[in-house]
Amino acid sequence: MANGPIIEFVDVHKWYGAFHVLRAINLTVGRGERIVVCGPSGSGKSTLIRCVNRLEEHQRGVIRVDGVELSRDLRAVDEVRREVGMVFQSFNLFPHLTVLENCALAPIWVRKTPKREAEELAMRFLTRVKIPEQALKYPGQLSGGQQQRVAIARALCMNPKIMLFDEPTSALDPEMVKEVLDAMTELANEGMTMVVVTHEMGFARNVADRVAFMDEGEIVEINAPNEFFAHPQHERTKAFLSQILR
Amino acid sequence: MAAVAYVRHASGPMLPPPLAQRGAIGWMRANLFSSWSSTVVTFLIAAFCLWSLPDLIAWATVRAVWRAPDGVLCRAHQDGACWAFIAAKLDYFRYGSYTQTERWRVDAVEAIGAVLIAWLLWPRAPRRGFGAILFFIVYPIVGFILLRGALSLGLPLVDTQLWGGILVSLLTALVGIVFSLPLGVLLALGRRSRLPIVKAASVVFIEAVRGVPFIAVLYMAENMLPLFLPPGWSPDRFIPPLVGAVLFAAAYLAEEVRGGLQTLPRGQYEGAMALGLGYWRLTGLVILPQALTLVIPGLVNNFIGLFKDTTLVSSVGMVDFLAAIDNGLKDTAWSGPTLLPTGYGFAALFYFVFCYAMSRYSAAIERRLSLGRRQ
């Protein structure tokens with residue numbers, strides 16, 4: 001499937017109990033494409049990207065990642081999770097392991113990489129996010145921006161085809177937001193497929209191929225950044241943008 | 001521009017805190033005399049200690065009878081402990097009725113066990129993986145052969161009914177602790193499982209065992225274990241109490257571990273899942289190390305309780321340490337008013353030493369683990 005879209009949502013619905021959180025989502029993400037998803041809280045944007053690596057299950061519709069359909073089949077889910085890296089708002093680093101061990105854990109146990117190779121790989125990615133000197137520290141000893149960069153390096157160590165970012169800078173102090181966005185921009189410039197949920201509109205403008213606006217479980221509008229910000233089509237989009245871009 | 005008097009040009013010297021704030025005086029001020037109520041309590045406790053302790057210490061040391069062939073001297077000195085009794089019966093307390101000529105085997109097993117346990121518990125010991133294999137696989141086999149005997153190796157058989165005293169207590173506690181923890185972890189994971197049968201089985205087991213006193217579990221193990229085994233296969237009489245101890249402790253440990261599993265933030269599970277780690281990998285590498293660390297105080301609490309509960313195996317026929325002391329107290333040659341306090345005082349000392357050691361070890365481990373994860 002080297003030429004088809006890398007993520008496909010076809011008429012996807014999801015409910016939390018009686019609450020209809022995702023409504024008729026139709027979205028295709030091409031290889032190397034960068035999508036930014038924005039919208040008010042509760043709009044379902046986090047749920048959307050968490051469905052891509054099956055941290056959430058959808059009840060109706062089809063989700064395909066690199067040709068593999070996500071279903072109850074655990075082996076398919078594991079396959080997908082190996083190829084999809086995710087960076088969380090709350091970092092989710094493992095506090096009982098050093099930074100190096102955090103990054104090397106998955107390659108060693110999932111890809112069966114020998115320990116020394118995995119550690120070299122981890123050092124390479126830690127250098128890419130510019131914190132190689134922190135390798136032997138524990139996550140609790142690092143600042144928020146450094147922890148998030150470790151999280152990015154940890155996800156990259158699995159050599160994923162897609163990187164998902166769930167509000168990666170929302171929990172950071174303002175002075176650390178830039179270092180994380182820089183790391184993400186560098187990643188985008190190297191051609192990684194990225195789906196980013198964020199409120200950082202500057203990042204969206206500079207890096208995204210398309211920006212999607214979600215509200216109440218639906219993708220209201222999706223467009224290239226200049227069109228999206230200059231000529232929003234729907235009222236809800238206009239209202240949201242007027243609040244965000246003050 | 002005149003120099004301003006209160007602006008420094010260089011850092012001032014680092015001064016030590018005032019005398020009343022540091023050292024022993026500082027510690028006493030902070031811990032013993034920090035407020036009026038604290039001061040009053042300190043004086044009350046000090047008064048109580050001064051009233052009770054000197055007498056107790058004298059009873060146990062200065063006025064005690066240390067050596068005597070029988071109870072005559074102890075009956076003459078009724079204001080002191082009768083340690084001579086303990087000294088005379090010590091072999092019985094340590095080995096029970098274990099064949100006298102073979103007692104070196106018990107010593108060997110206890111010594112090897114102590115070395116291996118120290119090796120495994122010492123945080124910076126080298127090659128602990130190898131030690132773990134020795135302890136969990138080789139040691140049980142070697143220990144069993146040495147204690148039980150093997151005619152082919154020239155070791156005469158010693159029936160388990162002859163085993164008694166400290167041997168039985170330590171063995172039951174060790175087997176109970178070592179086997180109940182993995183079983184407890186499995187039960188805790190089972191109770192949190194999304195598979196209905198696994199979850200139901202775990203819940204039923206935990207609640208059934210917890211709802212029943214330890215003695216009842218031992219009786220049930222004693223009477224019901226033969227039903228689970230093929231006919232004609234009668235297990236050694238020591239096996240049912242060991243099985244009972246393991247099952248009982250496992251049910252309580254399961255709830256402790258489950259508490260830890262619940263406390264762990266959901267993000268840890270999600271972070272591991274997002275990396276593609278399967279259930280057992282993420283449980284073993286990410287979840288359990290953190291969850292078990294969280295509940296160390298509860299786990300050690302359970303182990304300390306289990307260590308002392310082992311005395312209940314005497315109700316199903318095994319002669320544990322306390323039962324050995326009880327048997328010793330019946331010896332008419334020694335009878336006297338100081339005998340009971342001496343005997344039970346010694347028992348209390350034995351249990352206290354082991355339980356306190358466990359408690360201190362767990363505190364040290366907790367301190368060491370919290371240093372690596374300053375959050």
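Mentor: In this contact, L170(B), A173(B), G176(B), I177(B), S180(B) and L181(B) of α7(B) meet L299(B), F303(B), L306(B) and F307(B) of α13(B), where contact means heavy atoms within 4.5 Å. These residues divide into eight nonpolar, two polar and no charged; Ala, Val, Leu, Ile, Met, Phe, Trp, Tyr, Cys and Pro count as nonpolar, Asp, Glu, Lys and Arg as charged, and the others, Gly among them, as polar. The model is predicted: local features need pLDDT of at least 70, and side-chain atom pairs count only at pLDDT 80 or more, while totals for chains, interfaces and linings use all residues. Residues are numbered from 1 along each chain as its sequence is written, chains are lettered from A, and side-chain values use heavy atoms, without hydrogens and water.

Now the geometry. The axes of α7 (residues 166-191) and α13 (residues 296-309) of chain B come within 9 Å and cross at roughly 150 degrees; axes are lines fitted to C-alpha atoms over the stretch in contact, with angles from 0 to 180 degrees between N-to-C directions. The two helices, α7(B) and α13(B), are therefore roughly antiparallel (over 145 degrees).

Finally, look at S180(B), which sits in α7 of chain B. S180(B) is buried, with a relative accessible area of 0% (buried means under 20%, using a 1.4 Å probe and protein chains only). A polar atom of the S180(B) side chain lies 2.7 Å from the backbone oxygen of G176(B). Beyond its neighbours within four places in sequence, S180(B) is in contact with V175(B), V246(B), A249(B), A250(B), L253(B) and F303(B).

Note on methods
Helix = DSSP H or I, 4+ residues; strand = E, 2+ residues; numbered from the N terminus. Parallel < 35°, antiparallel > 145°, perpendicular 65-115°, else oblique. Buried < 20%, exposed > 50% of the residue type's maximum accessible area, 1.4 Å probe, protein only. Polar contact = N/O pair within 3.5 Å; in protein donor to acceptor, adjacent residues only side chain to side chain.
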